[in-house]
Amino acid sequence: MFPTPIARARPSVRTIYMFGLPVSLFIWLIPLLAVMLTSIRSAGDIAAGNYWGWPQGIFLVENYMAVFQNSPIAAFILNSFKVTIPTVIGAVALSCLTGFALGVYRFKANLLIFFMFVAGNFVPFQILMVPVRDLTLKMGMYDTVTGLVLFHIAFQTGFCTLFMRNFIRALPKALIEAARVEGVSELRIFWFIVLPLMRPAIAALAVLIFTFIWNDYFWATVLVQGEHAMPVTAGLYSLNGQWIASWHLVSAGSIVAALPPVAMFFLLQRHFIAGLTLGAVK
Amino acid sequence: MADSIAGKSYWHQNQRRIAPWIFLAPGVFMFAVYVIIPIFQSMEISLYDWDGIGEKTFIGIENYIELLDDEAFYTSLINNLLWLLFYMLAVPAGLFMSLFLNQTVFGIRLVKSLFFFPFVISQVVVGLVFAWFYDPTFGLLALIFKTFGFQPLAVLADERYVTYGIIFAGLWPQTAYCMILYLTGLNAVDPEQIEAGRLDGAKGWRMLWHVVLPQLRPATFIAVVVTVIGALRSFDLVSIMTDGGPYGSSRVLAYYMYEQALSEYGFRMGYGAAIAVVLFVIMMVYISGFLWSMYRQEREGR
Amino acid sequence: MKRKLTAVLAGAMLGCLSAASAQSGEIVLNSDTSDPAPKAAMQALIDGFQKAHPDVTVKWNNFDHEGYKTSIRNFLTAEPPDVAAWYAGNRMAPFVEAGLFEDVTSVWENNNLDETLKSAAASMTIDGKKWGVPYTYYQWGIYYRQDIFDELGLEVPKTWEELKAVCAKLKENDITPFTIGTKTLWPTGGWFDYMNLRTNGYEFHMDLTAGKVPYNDPRVVEVFRLWAELVEPGYYIDNHAAYDWQEAVPFFVRGAAAMYLMGNFAVDVMKNAGLKEDQLGFMQFPAITPGIPMAEDAPTDTLHIPSNAPNKADAKKFLAYLARAEVQTEMNRILGQLPVNSQSERPDDKFLAQGFEMLSNAYALAQFYDRDAPAAMAKAGMEGFQEFMVKPKNIDRILKRLEKVRARVYK
C-alpha cells in the first residue's frame with residue numbers, strides 16, 4: 001500500500017494525521033458549510049451583514065418554507081425529475097444495445113462507429129447548439145421537457161456506449177460462444193445471457209447519468225425558457241436574479257436543488273464511483 | 001431452431017451479420033441526428049449571416065475574417081488558454097489529496113465521500129457560492145483581507161483577477177474528481193512492487209515517482225482528458241459568476257459563442273457558429289489524441 | 001371520466017401544437033412580469049378583463065424578466081401567444097420589420113387612442129402604423145439623500161458646475177457622491193444617456209442610437225471628457241462592477257453614498273431597505289450645455305399581438321381593454337408608475353408627482369440607450385461604458401471598438 005499506512009508511522013506523525021484529517025476536511029467543505037449555515041439565517045442577519053458570525057437564531061423551517069412558497073422551485077424540481085428519469089432510462093437502454101453490438105460482434109465498421117460515439121461525447125456543446133435548437137424548434141418541442149429529454153438521451157448515448165462496450169468486452173466470451181453453439185438466436189443471447197450480466201454497469205451508468213443530467217445547466221438554458229419546463233439548475237439561476245442579496249433564500253434554494261443527486265450519491269456510492277472511474281485502472 | 005436445415009431462413013443464416021446493425025440502429029440514429037449531423041450543420045451556418053428569424057445570407061468566410069479582428073475573440077482565446085493551464089492544477093492536487101486520504105483509519109470511507117462531495121453538486125450552486133465568497137463587502141475573502149488589514153479585493157469585478165477567480169471555483173469540484181480517479185488507481189497498485197521498492201530503499205518521493213506513478217498512468221490519462229475537456233467546456237461558471245464581465249474580460253470561447261448566438265444582445269447565429277467551429281477545432285486536437293491512444297490500446301488488446 | 005381521458009389524450013397528441021390549437025374564446029398572454037409588483041399588476045389586468053369579457057379566458061405564461069428578452073424571439077416564431085409584453089421604440093423595430101408583430105392601428109382608431117395615449121403615440125409608430133398598446137412608463141433622474149444634503153447645507157444642483165461642486169463637498173466629507181451597480185450593464189446606459197442628452201441634446205441621442213453618427217465623433221468624445229470629470233476624482237463607489245443595481249442600494253441607504261441615478265422603480269427598493277420618505281429627494285439631471293432643451297429617459301412598457309397569433313380578435317379586445325383609463329389607473333396604482341392614458345388618475349406619490357411634472361415639461365422622451373439602440377450595439381456600448389467607468393484612460397480604445405461595432409451593426 002502506498003503511502004505507508006499511518007498505523008505503521010511514528011506516534012507523532014499519527015497524531016498529526018488524525019488531527020489534520022478533520023481540519024483539512026473542514027477547510028475543504030467551508031463553502032458548503034457556509035451555505036448550510038446561511039440557509040438557516042434570518043433575513044435580519046443578512047441585512048446586518050452578519051454572513052459569517054454566529055446566527056441570531058435558527059430559521060430553518062421559515063427559510064425553506066419561504067423558498068417553496070414564494071418561488072416555483074417545487075415545479076422546477078419536478079421538471080428536473082421529468083427530464084432526468086426518462087433520460088437515464090433512454091440513454092441506458094440505447095447504450096445497452098449499442099454497447100452489445102460493438103462489444104460482441106466483429107465487423108469492419110465496428111471501431112469506426114465506436115470512435116464516432118467516443119469523439120462525439122467530447123465535442124464542445126456550442127458546436128451543436130444552433131442546429132439542435134433549430135431542430136427542436138422545427139419539431140415543435142422547443143421549451144418542452146420532451147425536447148430536452150430527446151437531446152440528452154442522444155448525447156449521453158455517446159458516453160454510455162463507451163462505458164457499456166468496454167464493460168461487455170471484459171465479460172467472458174465463452175458464455176456467448178456456448179449459446180451460439182446451442183443455436184440460441186442473437187436476440188435471445190442479448191436478452192437472456194448478456195443483459196443480466198450487465199446489471200452492475202447499468203446501475204453505475206444510471207447513477208452517473210442521473211447526476212450529469214440533473215446538474216445540466218447549458219442545455220436547459222438553450223432549449224427551455226418558461227417556468228413550465230425549466231429544470232432546477234436554470235430555475236435557481238433565474239431565482240438568484242429575483243432574490244438579489246437574499247442570500248439565505250439563495251442558499252436554501254441551492255441546497256434543495258443539490259439534494260437529489262447528493263442523496264443518490266450517498267445511497268449508491270459504490271456504483272457511482274465504479275462508473276466514474278472506469279478506465280482509471282487497467 | 002426447430003427448422004430443418006434446408007428451411008433455415010435468411011435471418012437465421014445471416015443473423016450474426018445483421019444483428020449488430022439492428023442493435024446499433026436506434027442509438028446511431030439518435031446520435032447522428034443530435035450530435036454528428038449538427039457538427040456539420042454548424043460548420044455550414046458559420047458561412048452565413050443569420051439572425052435566427054429572417055433569411056440566411058451566404059457570406060463565405062467573412063465571419064472568420066471578422067473573428068481575426070475581434071478583441072473579444074482574443075480575450076476569450078487567451079482566457080481559454082489560462083483555463084487549460086490552471087485547470088490542470090486539479091490533476092496534481094487530486095493526486096496529493098488521494099495520497100493523503102489513502103489510509104485505513106476509522107471513518108475514512110465517510111471522509112473520502114465528503115471530500116468528493118463538491119463534484120456531485122451542480123456548477124450553478126458552486127458558482128453562486130463562490131460568487132458570494134468573493135463579494136467585496138460581505139464575502140469571506142473580503143473578511144479575511146480585512147482581518148489582516150488589507151483593502152478587500154473585488155475579484156470578480158477586476159479584469160486582472162476575474163478569470164483566476166472563476167478557475168479557482170472550478171478547481172474545487174475538478175480536484176475532487178481527479179482525487180477519486182487516483183484513489184481508485186491507488187487501490188489497484190500492486191503491493192508487491194511497493195514492497196520490492198521498499199526493499200530497494202525507495203521511499204517517499206522516489207517511491208512515488210518511480211514505482212507508484214507509472215502504475216497510475218491510466219488514472220492520470222483519464223484525469224488529464226477530463227480536465228482538458230472540462231477547461232474547454234467551461235461555460236456554467238462564467239455564466240453564473242460574471243456573465244463574462246467586467247466588460248467582457250472573463251469571457252471564454254464557449255461563453256462568447258453563446259453570447260453572440262443566443263443571448264439578449266446576440267442572435268448572430270453565423271458568427272456564433274464560427275466561434276464554435278474554432279472551439280471545436282481546438283478540442284479536436286485533444287480528441288484525436290485520445291482516440292489515437294485508444295486505437296493503440298485496442299490493437300494491443302487484440 | 002372517459003371523456004376526460006379522451007381530452008387528455010387529445011391534448012397530449014396536440015401537445016406540440018398547443019399554442020396553435022387554442023380555441024377562440026381563449027387567449028394566451030406571455031409576459032416578463034416576474035417581480036412582485038408587475039406580477040400583481042398583470043394579475044389585476046387579467047382578472048379585470050375576465051370580468052368584463054366572461055366569454056374569453058386568458059392563459060398567462062409568466063417569464064423571468066431577464067430570460068424573457070431571449071425567449072420572445074423563440075416563441076414569436078415557434079409558438080406565438082395571442083398577446084406578448086415588450087417595449088416601445090426601437091426595441092420593437094426588429095420584430096416589426098421581421099413581420100412578427102401585428103399592425104394594431106385599428107385598435108387605436110376604434111378606441112380613440114391617438115387622443116388618450118397621445119404622449120406615447122410616436123414611440124408606438126413605425127411606418128405610420130401602430131404596433132402595440134402602452135400602459136405604463138416612469139421617469140429617470142437622480143435620487144438623493146435629503147437628510148445628507150440638509151446636514152451639509154447642499155442645494156440641488158441645476159448645472160454641471162454645481163453638480164461637480166456638490167460632489168466635491170460630499171467627497172470632502174467622506175461620502176461617495178454616487179452609488180451605482182454595473183454588473184448587469186444597463187445602469188451605465190442611464191448615465192451615458194443623460195450625459196449625452198444634456199451635452200448634445202435629444203436629436204443627437206436619436207441619431208447616435210440610429211447609427212447615423214460615428215462613435216469617435218468629437219461630440220461623443222466631449223461626452224466622455226465631461227463624464228470623466230466624475231469618474232476620475234472617484235465620485236462613484238468602488239467596485240461597482242461587482243454589484244447589481246439592487247446591491248448598490250445599501251451604500252445609499254447607509255449614507256456611504258448620497259445620490260443614485262435610477263428609474264423610479266428604485267424608490268420601492270430604497271424604502272424597503274429602510275429609508276423614510278423624507279430622507280429621500282428626487283432631482284432632474286442638471287443641465288450641461290446651456291440652452292440645450294431638456295429631454296428625459298422615460299421607458300414605456302407595452303403589449304403587442306404577434307402576427308401569427310391564433311386568436312387575434314380576442315387579443316384586440318384585450319389590448320382595447322388595456323388602453324382604458326380606469327384599467328391603467330389600477331395597474332399603475334399597483335406598479336407605482338405613471339399611466340400612459342391621459343385620463344387615468346396618477347398614484348398619489350411625491351416622486352411620481354415630481355416625475356410627471358418633469359416629463360410633462362420635457363422637450364422629448366427617450367426610451368433608454370438599450371431600447372433605442374439595436375441590441376448588439378447596446379451590448380457593446382454599455383460594456384464600453386462600464387469599462388470607461390473603471391478605466392477612464394481607455395476611452396480612445398473603447399470608442400474605436402464601438403465605432404467598429406457600429407459600422408457592422410447598422411450596415
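**Exercise 1.** State how far apart the C-alpha centres of domain 1 and domain 2 of chain C lie, and describe the contact between the two domains.

*Solution.* The C-alpha centres of domain 1 of chain C and domain 2 of chain C are 29 Å apart. The domains are 18–137 + 299–360 for domain 1 and 140–297 + 374–409 for domain 2 of chain C, with bounds from an automatic or database domain assignment. Eleven residues of domain 1 of chain C and eleven residues of domain 2 of chain C form the contact; residues are in contact if their C-beta atoms, placed from the backbone, lie within 7 Å. On the side of domain 1 of chain C that touches domain 2 of chain C, five residues are nonpolar, five polar and one charged. Ala, Val, Leu, Ile, Met, Phe, Trp, Tyr, Cys and Pro count as nonpolar, Asp, Glu, Lys and Arg as charged, and the others, Gly among them, as polar.

This is a predicted model, in which local features need pLDDT of at least 70, side-chain atom pairs count only at pLDDT 80 or more, and totals for chains, interfaces and linings use all residues. Residues are numbered from 1 along each chain as its sequence is written, and chains are lettered from A and ligands numbered from 1 in the order in which they are written.

**Exercise 2.** Find which element of chain A gives the most to the side of domain 1 that touches domain 2.

*Solution.* Chain A has domain 1 (6–59) and domain 2 (71–276). Seven residues of each domain of chain A take part in their contact. Helix 2 (30–39) and helix 3 (43–47) of chain A each give two or more residues to the domain 1 side; helices are DSSP runs (H or I, at least four residues), numbered from the N terminus. Helix 2 of chain A gives the most, four residues.
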